[in-house]
Amino acid sequence: QVQLVESGGGLVQAGGSLRLSCAASGRAFSTYTMGWFRQAPGKEREFVIAISRLGINKKIADSVKGRFTISRDNANSLLYLHMRSLEPEDTAVYFCAARLPPYDVSVYDTPDAYEYWGQGTQVTVSS
C-alpha cells in the first residue's frame with residue numbers, strides 16, 4: 001500500500017502559478033503510476049494529468065494542456081503538479097492518485113483506474 005498527502009494549494013490570482021506536491025509513503029513510490037485529478041463543487045472528479053512510474057509516458061487533459069505539467073522525484077517519493085496561467089475554472093480540490101501498473105509506460109485517465117488517493121488540497125483562482 002501507499003499513503004498519499006497533497007500540499008501546496010492556496011489562493012492565487014488568475015494568471016498566476018502554483019506547484020502542488022504529493023508525498024508518498026509506504027511501498028516503493030517508483031512502482032506506481034501516478035495521476036492528478038480535481039473536483040469542483042457540484043461536479044464529478046476530473047482527470048488532469050498522469051505520469052508513468054518511471055516518468056517515460058505522460059497523459060494530459062485538453063483543458064490544461066500547455067499550462068500544467070507533471071513531474072516525479074522517485075528518489076524522494078514526491079509527485080508534482082506545476083500549474084501556470086491559472087484560470088478561475090481551475091478552482092477545485094486537487095487529488096493525487098496511485099496505482100500499480102501492468103507495464104512501465106502505463107498511464108490512466110479515469111478515477112476508477114486508481115487504487116490509492118490522497119485527501120486533496122484546495123486551489124482557488126480569483127478573477
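Which residue is the bridge partner of cysteine 22 in β8? In the predicted model, that partner is leucine 79. The pairing belongs to a set of six bridges that join β3 to strand β8, formed by residues 78-83, with the two strands running antiparallel.

Strand β3 is also paired with strand β1. Here six bridges connect residues 2-7 of β1 with residues 18-26 of β3, again in an antiparallel arrangement. Within this pairing, valine 5 lies opposite alanine 23 of β3.

The structure contains one disulfide, formed between cysteine 22 and cysteine 96 with a separation of 2.1 Å between their sulfur atoms. This pair connects distant parts of the chain, as cysteine 22 belongs to strand β3 and cysteine 96 to strand β9 (residues 92-99), 74 residues apart. The torsion about the S-S bond of cysteine 22 and cysteine 96 is about 55 degrees, and the disulfide is therefore right-handed.

The solvent accessibility of both cysteines was also computed. Cysteine 22 has a relative accessibility of 0% and therefore counts as buried, the cut-off being under 20%. Cysteine 96 is likewise assigned as buried, because its relative accessibility is 0%. Cysteine 22 is accordingly a buried residue that has leucine 79 as its bridge partner in β8 and forms a disulfide with cysteine 96.

Technical notes: Residues are numbered from 1 along each chain as its sequence is written. This is a predicted model: local features need pLDDT of at least 70, side-chain atom pairs count only at pLDDT 80 or more; totals for chains, interfaces and linings use all residues. Side-chain values use heavy atoms; hydrogens and water are left out. Two strands pair if DSSP finds at least two bridges between them. Helices (H or I, at least four residues) and strands (E, at least two) are DSSP runs, numbered from the N terminus. A disulfide is a pair of cysteine sulfur atoms within 2.5 Å. Buried means under 20% relative accessible area, exposed over 50%, partly exposed in between (1.4 Å probe, protein chains only).
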